[in-house]
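Biologist: Can you take me through this model? I would like to start with the inside and then move to the contact between the chains.

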Amino acid sequence: MDFKNGEDHHVPKKIFSKQRKAIQNISADSKISLGIEPTKQIVICNSGLSLGLLEEDVINIFSPYGPIEAVVMLPDKTYCFMAFHSKENALQAYQSLHGKYNFPRSENLMVLAFADEVPKVTNPWATLPRDGPPGLIVLEDFITSDEEEILVKLLSWDDPIQGQQLKQRQVQHFGFEFRYGSNDVDRQKPLAQKIPDQCDFLQNRLKKRGFSKWNFYPDQLTVNRYLPGQGIPPHVDTHSVFEDPILSLSMLSDVVMDFKDASGHKIPVFLPRRSLTVMSGESRFGWTHGIASRMHDVICTDDKKGLTLLPREERVSYTFRLLRSKKECFCSYAWLCDNQKQNLYQQQLDAIQLEKQYVREVYEEISSHFSETRHTPWPNIVEFCKTFKTGQILLDVGCGNGKYFGNQAENVSLFEIGLDASAHLADMCTKRGVEVLTGNCLNLPFRSSIADGVLCIAVIHHLATHERRRRAVQEIARVLCKGGRALIYVWARDQRLQDKMSTYLKQNRKNRQNTAIQSAFKGDKNNSVTGSGTSQSENNLCTSADSKSCEFTGSLPLPVHVNRTNFKHSDILVPWKLKEKHRQESNEGEQQTFYRYYHVFEEDELTRMCIEIPQIQVLETKYDQGNWSVLLRKLP
Amino acid sequence: MKLLTHNVLSSKCLKGVSVGYPLRLNATDIKVVDVDYNSEFVSRMIPKINYSALYDAAQSIGHLNGLPDAVVDDFESNEDFLKAVHHVLLEVDIVSGDLECPESGRKFPITRGIPNMLVNENEVNEINGSNGYNN
Ligand SMILES: [Zn+2]
């Protein structure tokens, strides 16, 4: 057929210029060569997913012109592609639709062009059912037409017994009512309406079809009724409420159910009338499923070569579920797991509370005393400070009283900024004349890539979850410039690595003199971090390093560490006895004890955490006097 | 707080804030201090800082002291320019006032020379316990 675009006098003029521009733009955007020379592929230039055009609309509009091979809808695009089996069909469609078809609810006429190919996206129908969601089984012809009729007629939708009109469908419950607000059932309130006896054949039928391994006696049934255009939003059946598997009978008509995994990968699954869908394992816990609210489903043609539309009809489904005996779930699909999300949420709240009460508030109380115990900076840390050059920026995250300021090499002029969560400690820094601000290490108030160096000494072990500790390191990575380096110190759980007792332990046995200060210290001054030079103010009241190293007390949430001993737990409270003269309010004769929260690190724990963060490289891991340290570099 | 510090601060961590830079500076008490001048320090600092943010901040508190509105071409050898930058970067100290997020308007007070950049957990991330699905 001889065809020249310009000869078609029915097409309005402005459509030509629209087409010309669209061919330029879409070719550039999609990297697909477009033109007006007929091919079997068509690009719809002025409508797509981002303008509300759906796959089914495309099939609806184009299928009168011949069998459709593919429809490719691109996310966030204002254009889309489709392909016929033959160029002739494509040309017919072009001549009938280009500049003539009026989009519904719009003034716009359809602009088309031909494409050399369609973008490569996998046709989900091509992979089914073998590569469907793992654990999903669709047993076709599970019930007979007679059984279907019996089950459908069991229910009256005009006067439902235990039913409800939801926004998009009608439901009735048996055994237990499913509560849509909380997505659970009230175990204490079984319904008078049990699962109908007419469903009893289910067990034997399952066995006959080779599923004898399941001794599945459901005690909850939800019946859904969908009219054309209705659906159910993507969801996962509440993990902690229902056992594995979930069974669902489809009746009166076929439908397409969309499954989606964590990455957003979508697989449409065809559920024929009178089939039983078994959702087990991963498909039950790790995928959402839903039915789009629409009038047609896109399905494979019978010859499996093309796509076609299936009009929706009334559909009734029976979903059988078994309540868990205990409201819990330990699946490995946390992103869809109500139980684990609740736990994570609780953990997060607990962590915030713990850090507030056992870190931040304590440092405010003990700050001046604490500051007195921190004099001598540690050699390795000073050495790190000396590697920076004039005009570089060094951040000290959790700077305390600012004792690592001013350790640069001779004749080097750095810009140092300290950050601490304690206002008292920050005040001490300004008294020293150093630049400081109050802030939290989880949300550094700096723009990205501004620091040549970051120090973070004895800070991250005060964060109460792995996620929060990781986030603190990630923040450090963010503010480092490319090639910038950070030094991080945390307390090690093992205080006697390499048969070399850390300073922290040695201090327990040493000097019993210095009684003036002795009463103030039952303990930890975090000297393992402060440095070996500060052993003058020793605790010696507690037991030797080998006896019990922690105790539980009724009122505290974590075991309390006995100072100057090895750590028995990873998450502990370390007592701090406040020296009399530093007490905020005098409570005569009573020594006040504060408890600070610590997470003490296992060997490699800090390193492994740092490796999780993509932009950084661990240059060195060291065990340094009871601490783990890492030297990091942000990749250039 | 020195204007060099102001130059690196950002409120991007706040929920719903996409850039959070530069923070609007409002100073109620400013002191000018003497800091040893080091030309090498200043000329190396210039490529790191956001010069227009520095200029705007100095101007907003009336402490430009002859700072030009753009980096001069020969900045590495232009002593007058380096000294002007040195003064604005290091010698102008904000004792009190506040910093304001340009997008959300959240204010961070500066007291006794210390900006309080502490934020509550609920200002920075969604704490969400529900699973968002229903069946
Ligand atoms: Zn689960």
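**Cavities, pocket and interface**

Modeller: Strands S11 (220-226), S12, S13 (246-251), S17 (288-291) and S20 (315-321) of chain A each supply at least two residues of the lining of the largest cavity. Helices (H or I, at least four residues) and strands (E, at least two) are DSSP runs, numbered from the N terminus. This is a predicted model, where local features need pLDDT of at least 70 and side-chain atom pairs count only at pLDDT 80 or more, while totals for chains, interfaces and linings use all residues. Residues are numbered from 1 along each chain as its sequence is written, chains are lettered from A and ligands numbered from 1 in the order in which they are written, and side-chain values use heavy atoms, with hydrogens and water left out.

Biologist: Which strand gives the most to that lining?

Modeller: S20(A), with 4 residues. The lining has 20 residues, and Asn224(A), Ile232(A), His235(A), His289(A) and Thr319(A) lie nearest the centre of the cavity. By class it holds 8 nonpolar, 8 polar and 4 charged residues. Here Ala, Val, Leu, Ile, Met, Phe, Trp, Tyr, Cys and Pro count as nonpolar, Asp, Glu, Lys and Arg as charged, and the others, Gly among them, as polar.

Biologist: How much space lies in the largest cavity?

Modeller: About 200 Å³. The search of the whole structure finds 3 cavities of 30 Å³ or more. On a 1 Å grid over the protein atoms alone, a cavity is a set of points where a 1.4 Å probe fits but cannot get out; a pocket is an open set with protein on both sides within 12 Å along at least five of seven lines; lining residues have an atom within 4 Å of a point. Grid points are joined across faces, edges and corners, and a volume is the space filled by probe spheres set on the points.

Biologist: What about the second largest pocket?

Modeller: Its volume is about 760 Å³. It is lined by 41 residues, with Val359(A), Arg360(A), Asp420(A), Ala421(A) and Val459(A) closest to its centre. H7, S22 and helix H13 (527-530) of chain A, together with helix H5 (121-124) of chain B, each supply at least two lining residues. The largest share, 7 residues, is from H7(A).

Biologist: How many salt bridges between chain A and chain B?

Modeller: There are 3, each a side-chain nitrogen of Lys or Arg within 4 Å of a carboxyl oxygen of Asp or Glu. One salt bridge joins Asp452(A) and Lys48(B), at 2.9 Å, N to O.
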